[in-house]
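Have the sequence and the model open, and try each task before you read its solution.

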Amino acid sequence: MVKLTIDNQTVEVPEGTTILEAAEKLNIYIPTLCHHESLTPYGGCRLCVVEVTQNGVTDLTSSCTYKVEEGLKVKTTTERVKRVRRLVLELLLVESPEAQIVQDLAMEMGVRRPERLKPRKDDLCILCGRCIRACREVVGVNAIDFAERGYSKKVAAPFYKSSPDCIACGVCFYICPTGAITMREVEKGEKARIPEGEEVTGPARIIYNWKVGLAMKRCKKCGEIIAPEFQLEYLRKKVNLPEDHFDICPSCRE
Amino acid sequence: MSSLKDLERLKAEGMNSLFPSKTKIMVGMATCGLAAGAQEVWQNLHQEVKKRKIDVLVKKTGCIGLCQHEPLVDILKPGYPRITYDRMTPEKVGEVLDDLVKGKFKKAIMARIDQEEFLLDDTRTRYSKGKIPAYITSILPYKRLPFYKKQKRVALRNCGFLDPESIAEYVAKGGYFSLVQVLRGGKPEKVISQIKRSKLRGRGGAGFLAGVKWEVCRNADGDGKYLICNADEGDPGAYMDRSILEGDPHSIIEGMLIGGFAIGADQGYIYVREEYPLAIERLQIALTQAQEEDLLGKNILDSGFDFEIEICRGAGAFVCGEETALIQSIEGNWGEPKPRPPFPAVSGLWGKPTVINNVETWANIPVIIAKGAHWFNGLGTSRSKGTKVFSLVGKVNNIGLVEVPMGISLREIVYEIGGGIPNGRKFKAIQTGGPSGGCIPKNLIDLPVDFDELKKAGSIMGSGGMIVMDDRTCMVDVAKYFLSFLEDESCGKCVPCRVGIRRMREMLEDITSGRGREEDIDYLQQMAEAVKEGSLCGLGKTAPNPVLTTLHYFRDEYEAHIRGKRCPAGVCKPLIIYSIDPENCTGCGVCLRVCPQGAISGRKKKPHKIIPSKCIKCGACFEVCTFGAIIIT
Amino acid sequence: MSSFEDARIVDEIIKKNEKSSLIVILQEVQSRYNYLPEQVLTLLSERLGVPLIKVFSLATFYRSFSLKPRGKNVIKVCLGTACHVKSGSNLLEKAKRDLNLSEEEVTTRDLGFTVEKVRCLGCCSLAPVVRINEDTYGSMTQGRLSKVLKNYL
């Protein structure tokens with residue numbers, strides 16, 4: 001167990017806990033954006049920065065990545081910390097002015113969009129990387145990742161074309177904090193066009209960002225989506241299962 | 001298996017090579033030399049030697065530092081001091097050889113060297129025997145040249161003095177004997193203690209105490225430790241590491257072997273940026289030679305110590321000079337820095353304890369072992385021991401590589417070593433530390449060069465780039481330039497760096513185009529300070545330094561651009577006008593012919609005129625006018 | 001190049017670099033093809049069992065890689081600090097003008113030349129510097145650049 005102080009309050013937590021998690025135990029609020037409890041910490045948005053003092057040295061660090069140390073002193077709302085949080089929100093307000101979550105966080109901290117800087121248009125993506133981490137860590141598919149670097153960095157599918165590995169599970173859509181990913185459920189019999197691609201007939205799911213449109217197999221009993229048809233067919237043939245094996249979803253089968 | 005006897009054999013071979021019985025001609029073949037035309041000189045030299053059927057040795061050598069005078073050709077005739085010809089051309093080679101055959105040396109000689117110095121064992125061996133002819137003593141010895149007078153070459157000890165492709169010459173100059181000493185002693189802790197006592201600070205930029213880093217790594221848990229040489233010298237204007245790699249590659253290998261022994265690693269990597277192909281080539285040759293002599297591999301010098309070194313090529317990413325990003329790159333990933341802690345000394349390459357040090361740091365190690373920590377402490381200031389290599393470039397007369405003891409003042413470097421500002425212009429600022437550093441103004445020119453003093457002034461030591469600027473350098477343009485560089489090189493992970501640098505650069509574009517606003521100076525200051533605090537890694541944390549120092553010391557220039565919409569130094573294109581001075585213009589028409597836009601008009605022998613609306617300010621006319629008639633305001 | 005040829009070359013490269021990182025393999029591909037063709041990267045991904053997006057991601061992060069075909073001759077104009085202070089950017093513009101390239105274009109239509117900016121080549125004492133293929137030229141002027149380019153036609 002490790003003992004540390006956050007905002008003059010002491011807390012004891014198991015080794016390997018991050019400052020963010022330890023703060024939660026004390027009900028101390030630290031704003032976050034790129035963080036998600038089911039994903040590995042990234043430390044990219046810098047919103048969760050805190051001041052840490054250890055061995056007489058004070059530094060700013062992201063609380064989501066810093067693992068606690070014995071005797072660590074943490075301050076979560078110093079002037080330095082506030083300055084960085086204000087900067088991050090101001091910059092994100094110019095980059096993605098329409099992102100609701102950024103607006104909410106900014107309002108919370110009393111930050112307004114700086115008029116001096118020209119806002120970027122029509123791009124909700126704040127490059128938090130949650131979609132990528134979710135795809136890689138939770139789903140295990142590795143369909144998308146960052147491409148380019150610096151200001152031109154973007155989340156992409158290979159060659160900006162239709163992702164060959166995406167299974168249209170939708171986790172990226174659900175985990176995106178700003179709604180930068182567009183997903184559409186195509187009803188049975190309805191027709192829709194995949195961006196830069198062909199037409200699909202529902203039941204199907206289109207994820208516009210990765211230019212993917214996959215016919216989805218729905219459970220014959222409860223109507224819930226099981227998985228893309230082509231993946232199930234591939235599995236079924238590989239393991240030599242009967243034709244109607246995937247017609248009922250796992251929960252209905254129980 | 002290598003032994004002391006093998007080293008002695010190599011030493012004898014090397015001594016014969018350093019003091020041959022035949023005349024030896026050395027051509028400076030580092031990248032600067034080649035860029036100045038040394039390849040053609042080399043080829044011509046071989047041809048002319050063959051034509052005259054003279055029995056001479058022709059060898060390559062590294063950069064002796066006075067790069068602006070390249071191509072440099074040195075002649076070592078047995079019994080005579082070594083003499084250097086500068087600015088050699090393929091055409092002049094024949095004449096020089098003719099004089100050599102006749103027993104005379106042509107007058108156009110730059111300098112002479114009377115003795116070969118052996119830094120590691122404090123000896124020197126004179127080249128000449130008996131009386132030296134007057135026409136040679138009339139040539140200035142290197143040490144008396146203003147450029148070299150105050151230098152002390154430790155890391156550069158062998159550059160320009162040996163053939164970098166000869167392991168024998170390296171051994172003859174004391175090379176690999178420090179390794180012998182270390183392995184003989186058999187105690188890694190003693191080595192670490194010696195490096196600690198020397199107070200050697202990393203030469204890559206951060207200036208962290210090398211010995212402490214080594215100790216942390218040695219004590220860290222982990223089966224399998226690694227050593228890395230950071231040769232991703234990305235700071236524009238800095239080429240110290242390149243010169244060491246091209247001129248004395250074995251010094252790095254020896255340094256790493258000693259380091260490997262000290263921390264308990266058996267594998268080392270040298271990460272070289274791919275923009276340095278010659279350095280990579282020289283390193284590969286040196287590694288092969290060391291392997292052939294069993295100085296790399298298993299059971300080196302019968303000590304039970306195993307060590308291998310592998311070269312990794314960079315792929316065009318400045319951020320990979322940052323240690324955690326470098327590690328990512330070696331692992332085959334994106335060069336995205338990771339938050340520290342954990343520090344690489346505890347958890348680095350493949351999660352194992354790793355020591356990363358810069359090229360120059362490694363080059364110092366064999367010297368510290370041979371001459372002791374006490375000797376090293378005798379150089380430099382109280383908190384910055386030893387010497388530092390700087391690349392002195394920009395608007396200064398003597399451009400080149402200089403190695404000086406820490407504590408020397410900027411004034412001495414610029415005016416004594418550098419020979420002052422050319423073309424009668426005035427010193428304005430000196431930029432240290434590359435894109436992470438800052439611009440130091442005239443009133444601080446007596447600042448002693450040392451890690452802490454530079455930091456106090458708002459800059460950093462950095463890797464050693466020193467760019468001298470005169471009154472025709474626009475400081476706002478300099479700030480914009482560094483921001484553009486870092487914007488290009490940012491990995492993009494964190495918001496303050498990715499977006500902050502870009503937005504600051506956009507504001508500087510506005511300012512340098514006459515679109516700046518009154519509030520911009522304060523806003524830039526605020527944003528710069530916040531980016532400095534909020535960024536994840538060193539790149540973002542130091543990116544605001546050029547902006548902050550120029551705002552601090554050259555605020556008036558910013559104000560001139562914003563309020564007056566002018567560029568006092570005559571640099572920012574949207575704010576300058578090219579015109580022709582009718583008093584100086586002879587109407588020769590050369591400018592008219594080179595102008596790509598046809599923006600110059602005029603009749604023969606009559607003063608010409610530039611049409612402002614057509615002029616794209618490309619500078620072609622300025623380049624060709626020999627009458628100084630092109631004016632930029 | 002046919003896909004059989006590509007497959008053969010890819011297998012050869014992989015075999016030669018069994019223990020090396022993906023970056024090294026990409027460097028080998030680039031030196032063979034002078035750029036990174038999409039179909040070769042796709043083959044690499046299949047043969048190595050590495051997700052295609054990871055290969056693509058690496059290829060776009062590191063600037064020495066090009067996903068578009070590059071010219072036979074690669075002109076690198078140094079824009080390091082010393083070269084910038086000596087008007088290196090004017091040289092870059094001159095090269096583009098001589099080769100009829102617009103601001104966004106980097107490669108001539110006939111794939112004869114590619115013009116890239118680089119920071120820095122480490123020859124600061126001879127600024128401004130231009131490197132064409134393996135040849136490095138110091139103290140370059142606009143006039144000399146035009147002449148030198150002709151040697152590579």
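**Exercise 1. Find how far apart the C-alpha centres of domain 1 and domain 2 of chain C lie.**

Solution. Start with the bounds, which come from an automatic or database domain assignment: domain 1 of chain C covers 3-61 and domain 2 covers 73-150. The C-alpha centres of these two domains of chain C lie 29 Å apart.

A word on the model: it is predicted, with local features needing pLDDT of at least 70 and side-chain atom pairs counting only at pLDDT 80 or more, while totals for chains, interfaces and linings use all residues. Residues are numbered from 1 along each chain as its sequence is written, and chains are lettered from A and ligands numbered from 1 in the order in which they are written.

**Exercise 2. List the elements of chain C from the N terminus on.**

Solution. Count DSSP runs, numbered from the N terminus: helices are H or I with at least four residues, strands are E with at least two. Chain C has 7 helices and 4 strands. Their order is α-α-α-α-β-α-α-β-β-β-α.

**Exercise 3. Work out what share of chain C is buried.**

Solution. A residue is buried if 20 or more other C-beta atoms, placed from the backbone, lie within 10 Å of its own. Of the 153 residues in chain C, 46% are buried.

**Exercise 4. Describe the side of chain C that touches chain B.**

Solution. First, two residues are in contact if their C-beta atoms, placed from the backbone, lie within 7 Å. By that rule, 38 residues of chain C are in contact with 40 residues of chain B. Elements of chain C giving two or more residues to this side include α2 (22-33), α6 (88-98) and α7 (142-150). Next, sort by class: Ala, Val, Leu, Ile, Met, Phe, Trp, Tyr, Cys and Pro count as nonpolar, Asp, Glu, Lys and Arg as charged, and the others, Gly among them, as polar. This side of chain C divides into 17 nonpolar, 16 polar and 5 charged residues.

Definitions and conventions: Buried ≥ 20, exposed ≤ 12 C-beta atoms within 10 Å, placed from the backbone.
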